[in-house]
Amino acid sequence: MTKFVAFLRGINVGGNKLIKMEDLKKCFASAGFKNVKTILASGNVLFESTDDDEVVLGKKIEKKLEDVLGHKVGVQIRSIDEIQKLAGRAPFKKIKVTPETRLYITFLPEKPNSKLKIPYTSPQKDFKILEVTDREICSVVDLNLGRGTVEAMGILDKEFGKNITTRNWNTVGKILKG
């Protein structure tokens, strides 16, 4: 059995695509996954599977969620080992964190095709992309300098597509403690 996390895109955000975590757990269990656990209410599901093909797992979960919820939900799958390696890289170690600093990991469905020069800093200097790999983007929002998180995420959607999903770095830590 391999331990995974499923990152669901856009559920329970702004009153949209509402789903109770207990219902989400039942949905995953009925799809045959073991040791299902949700982390927060933002669509983070830990589970174990004998199948280790992330693409197959993602499609299976998307189909099950669409059958149960009646609408599409984007899903990114990562092994817990991969999340641990990401945390071990400490991508934000050079960032001075204040109460107004937000650290984000954006999970990508495929290798990005962006023309942005990385590291990237927005003209307003309130949003930075520190790193882009084949699987994720590490970014920082400084709320002191103007726009908020929603506007920064709009930059990511425009540059990397609508099928991405973003989590606060603190959420990644909670998933690893999960």
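# Loops, cysteines and a pocket

User: K125 lies in the loop between β6 and β7 (127-132). Is K125 buried, partly exposed or exposed?
Analyst: Keep in mind that this is a predicted model. The relative accessibility of K125 is 54%, and the cut-off for an exposed residue is over 50%. K125 therefore counts as exposed.

User: What is the phi of K125?
Analyst: Here the backbone is worth a look. K125 is not a glycine, yet its phi is positive. The value is about 65°.

User: A90 is another one I'd like to check. Is A90 buried, partly exposed or exposed?
Analyst: Let's start with its place: A90 sits in the loop between α3 (80-89) and β5. Its phi is near 50°, a positive value in a residue other than glycine. Buried would need under 20% and exposed over 50%. A90 has 30% relative accessibility, so it is partly exposed.

User: Is C138 buried or exposed?
Analyst: Residues under 20% relative accessible area are classed as buried. C27, at 6%, falls in that class. C138 has 0% relative accessibility, so it too counts as buried.

User: How many disulfides does the structure hold?
Analyst: A disulfide is a covalent bond between the sulfur atoms of two cysteines. To be counted here, a pair of cysteine sulfur atoms has to lie within 2.5 Å. The number of disulfides in this structure is zero.

User: Which element gives the largest share of the lining of the second largest pocket?
Analyst: This pocket holds about 330 Å³ of space. Two elements, α2 (54-69) and β4 (75-79), each give two or more residues to its lining. The largest share is five residues, and they come from α2.

User: How many residues of the lining of the second largest pocket are charged?
Analyst: The lining has 16 residues, and E54, V55, V75, Q76 and P109 lie nearest the centre of the pocket. By class, five of the lining residues are nonpolar and four are polar. Asp, Glu, Lys and Arg are the residues that count as charged. In this lining, the charged residues number seven.

Definitions and conventions. Residues numbered from 1 in each chain as written. Predicted model: local features only at pLDDT ≥ 70, side-chain atom pairs only at ≥ 80, totals over all residues. Heavy atoms only, no water. Buried < 20%, exposed > 50% of the residue type's maximum accessible area, 1.4 Å probe, protein only. 1 Å grid on protein atoms, 1.4 Å probe; cavity = no way out; pocket = protein on both sides within 12 Å on 5 of 7 lines; lining within 4 Å. Points joined across faces, edges and corners; volume = space filled by probe spheres on them. Helix = DSSP H or I, 4+ residues; strand = E, 2+ residues; numbered from the N terminus.
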